[in-house]
Structures are given as structure tokens and as C-alpha cells.
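This report describes one predicted protein model.

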Amino acid sequence: MSLERIFPADVPRNQEIQNKNANNVRKGLMLLALLSSLLVIATWFIIQWDLDRLIAGQFYTTEKGWYLRHEQPWSLIYHYGTIPGLLLTLIALIGWSISLIKPKFRHIHRVMLVVILTAVIGSGIIVNGILKNYWGHPRPRQVQEFGGEWEYHSVSKPGVPGKGKGFPCGHCTMGFLFCTLIFFRRYSVWFAYGGFFFGIAWGTVISFTRVVQGAHFPSSALWSLGIVMMVAVALYYLVLQVPKKSENNVKGISRLNKRLIGIVILIAGIAICIGFMLHRPFYKTHVKHIKPAPKTHTVFIETNADIGKLTTRYSSEVSPRIIMDAWGFSWTNVSHKMKLKRRYENGKLHILIDVKKGGYFAELTHELVLYLPEKLRDRVNVELTQTQNARFMP
């Protein structure tokens, strides 16, 4: 007697499940192909019409630099715009943990995991861990057209690793992370599409903020959205296979396993809290007065700080001084100190700037502004040297 006669209903049912699973895989691959194609086409248009520099240039002037950089609401969004994304990740982690224990929430188990892993893999590993460090794409304020020191090259051409961290935008990924809520559409259409469009809107606001501040080109923000969505689609359809397994209940969990899960949740929660603390906003300004002689023709500046930009300004209204701004994200209880020494001889003003940092900085940027008397305009040459151990030049 054949198996088909014993289980006549199982064969078509199993075949239906297999076809459905295959369709889901094909759908995932098609979405990935569509997203990657749209990204390539949009990037081609940006490069073809030089939209990166054209758009960024609207917020930069030679006289004022990035004049909206420290204005509100852009400064506020820069410092705190990633918090909603971090909270979403934490809520998803809590929801995933509850779904393991409470049977009525098990149907959202893997969808929660999509949100969590998209934040960890997409934003954490791919964007901040790999591309930003190794693509070598300068930020707008680091390129020569906008007062920087490096040559501009399009986002399609990798540069020297470490020479610029302008691609992609890490802040933007935490805004676009809300787009992953679209995968809740089988449970709540309003929640899914509401979360998706909020992610598009909030990610766009953060993207615009970073462009205004000269921190990222529009193409970097675009790729941040693309990477988040491609990672989420791959996780949903191919890796976790949520459509295939979302209806399967998680087996009952023993008391021992519940304790182990509790420990894992505790460790993960602590890790997220630590990650949040590492991104505490930091900003400090140092002002040091100098007295250049009227016959000064050269100013040598030597510092151990990683200077993103040196700006020389001439004014009769502002006393000669050096202003150093340091900002970024840090651990709590950090310190940032600046000491300045100067020496004048034969028309040469030597300035030594020694920066000492205490604690851990997750990200730190320095900018230096040198104010000189108007009468020294067109008569003084300014040179900057960055060394690991600051000392006076011979």
C-alpha cells in the first residue's frame, strides 16, 4: 500500500508548503535585486550630475564655513537623534525575550529578531564597523572645495582606509531602522506602515542634518537606507525565513532554559546600555590667546590632536587667539584638556598645542580656528604639523 493512500491529504499540503517557501525565497531575492538596482541607479544619477557637492555646497560659504552646523535644531538632532533607534532596538530585545516565554507572543519571535539583527549587523557591523573605517570617503568638510585638506572623490571609488569616515552615515541608519517595522504587516497593517513611513521621515531628517553640518554627502545617507533595508530583507526572507517559520510555535521552555535565557537577556540589556552610554554627546571649546608680533611672517602650529580642519581668520575686532572645538560621543566622566605654548623668533611664531584626553571616546573630532590681526593678511604663512608627541620644532 502506498504512502499516498495512507496519508492522502499530506502530500498536496507538503507540496503547497514547499511551493510557498520557494516563493518566499524568490520574493526575497527579487527584493534584494530591486533594492540594489535602485541604489546603483540613484548613485549613478548623483555622480553624473555631481549632486553630492551641489547639495552640500548650499550650506557652506567661504566666509562662514558650515554656518548652520551648530545651530538648532540641527545640533540637537545630531546629539540625540539616534536615541529613538536605540530605544527601538531595546524594545525589540525585550519583546523577543518575552516571546520566548509567553506562548501568546511567540508569533512575533522572529520579526523582533529581524529588528535587532538589522541594528547589530546593518548599522553596527557593516556601516560603522566596516565601511566607515575602510571605504576611505572624506566628509564634505574634509574636502578642498569646502575648506578641507583632501581631494573629493565620488562615493563609488574607495579611498585610503581611515582617510575619511564619510560613507555611509551611521546616524542615518538608526533613523531608517524604523523601516524594519514594515515586516509586522501580517499582524498590524497600520503599525507596520506607520512605522515604515516614520522611519523614512526620521531617517531623512537625520540625513538632512548631517548634510547641513558638512558631515555626510547625500549619497552616504541614501546608502544608509539601502543597507538597512537590504539587511532586513535578507534576514526576513532568507536567513530567518520568517514567513516559513512564523506560524511554528516555539517549544515549551524548561525552568533551566528560562534561567539561561534570563542571563542572556540581562547581558544583552547591559550591552545595549553600555552602547548607549558610549554615544553620550560630548562638546568642548578651548580658547587660548596669543600675541603675534607685527613683523610675523610665518606661524608654525604643531599638535598631537587629530585636526579635521584648520581655519585661519583675520579680524581687527577679535583679539589674536586659537580656538579648538572638540566634539563627538564618549563614555561618561571623560576629560579633554588643551595646553598651549608659544615661541617667537626671527618673524616666526611657533605654537605648540598639546591635547590630553582622559577616558574613552567612541568618536571625537577636532577643529582649529586661528584668529590673526587684519594687518597680517596676505603677509603670513600658516603651517600645521600633526605629530604623536607634540614638541617644539627646531
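The backbone oxygen of V114 lies 2.6 Å from a polar atom in the side chain of T118. This falls under the term polar contact, a pair of N or O atoms within 3.5 Å; within protein, one must be able to donate a hydrogen and the other to accept it, and residues adjacent in sequence count only if both atoms are side-chain atoms. T118 sits in helix α6. Helices (H or I, at least four residues) and strands (E, at least two) are DSSP runs, numbered from the N terminus.

The model is predicted: local features need pLDDT of at least 70, side-chain atom pairs count only at pLDDT 80 or more, and totals for chains, interfaces and linings use all residues. Residues are numbered from 1 along each chain as its sequence is written, and side-chain values use heavy atoms, with hydrogens and water left out.

**Overall**

The protein has 11 helices and eight strands. Of its 394 residues, 44% are buried. Buried means under 20% relative accessible area, exposed over 50%, and partly exposed in between (1.4 Å probe, protein chains only). Taking contacts between residues at least 6 apart in sequence, 80% join residues at least 24 apart; contact means heavy atoms within 4.5 Å.

T118 counts as buried because its relative accessibility is 1%. Leaving aside neighbours within four places in sequence, T118 is in contact with S123, L177, T180, V228, V231, A232 and L235.

In soluble globular proteins, nonpolar side chains tend to be buried together.

Two of these helices can be set against their expected span, which is 1.5 Å times one less than the number of residues.

| Helix | Residues | Expected span | C-alpha end to end |
|---|---|---|---|
| α9 | 22 residues | 32 Å | 30 Å |

The buried residues of α5 include G85, L88, T89, A92, L93, G95 and W96. In α9, 16 of the 22 residues are buried, so this helix is largely enclosed by the rest of the structure. Just after α9, Q241 takes a positive phi of about 50°.

**A buried loop residue**

S154 belongs to the loop between α6 (109-134) and α7 (170-176). Is S154 buried or exposed? S154 is buried, with a relative accessible area of 11%. Its side chain makes a polar contact with the side chain of S156 (3.0 Å). Not counting residues up to four places away in sequence, S154 touches I47 and H137.

**Strands**

An open sheet is formed by four strands in the order β5-β6-β2-β8, with mixed pairing. Its edge strands, β5 (335-345) and β8 (381-386), each pair on one side only. Two strands pair if DSSP finds at least two bridges between them. Strand β2 (residues 298-303) runs parallel to strand β6 (residues 348-358), with six bridges between them, and V299 stands opposite L349 in β6.

L340 lies in strand β5 and is buried, with a relative accessible area of 15%. The C-alpha atoms of L340 and D354 are separated by 6.4 Å, although the two residues are 14 apart along the chain. Not counting residues up to four places away in sequence, L340 touches K288, I290, I322, I351, L352 and I353.

Strand β4 (residues 321-330) has nine of its 10 residues buried, so this strand is largely enclosed by the rest of the structure. β4 pairs with strand β7 (residues 361-372) in the antiparallel sense over 10 bridges, and G328 stands opposite L364 in β7.
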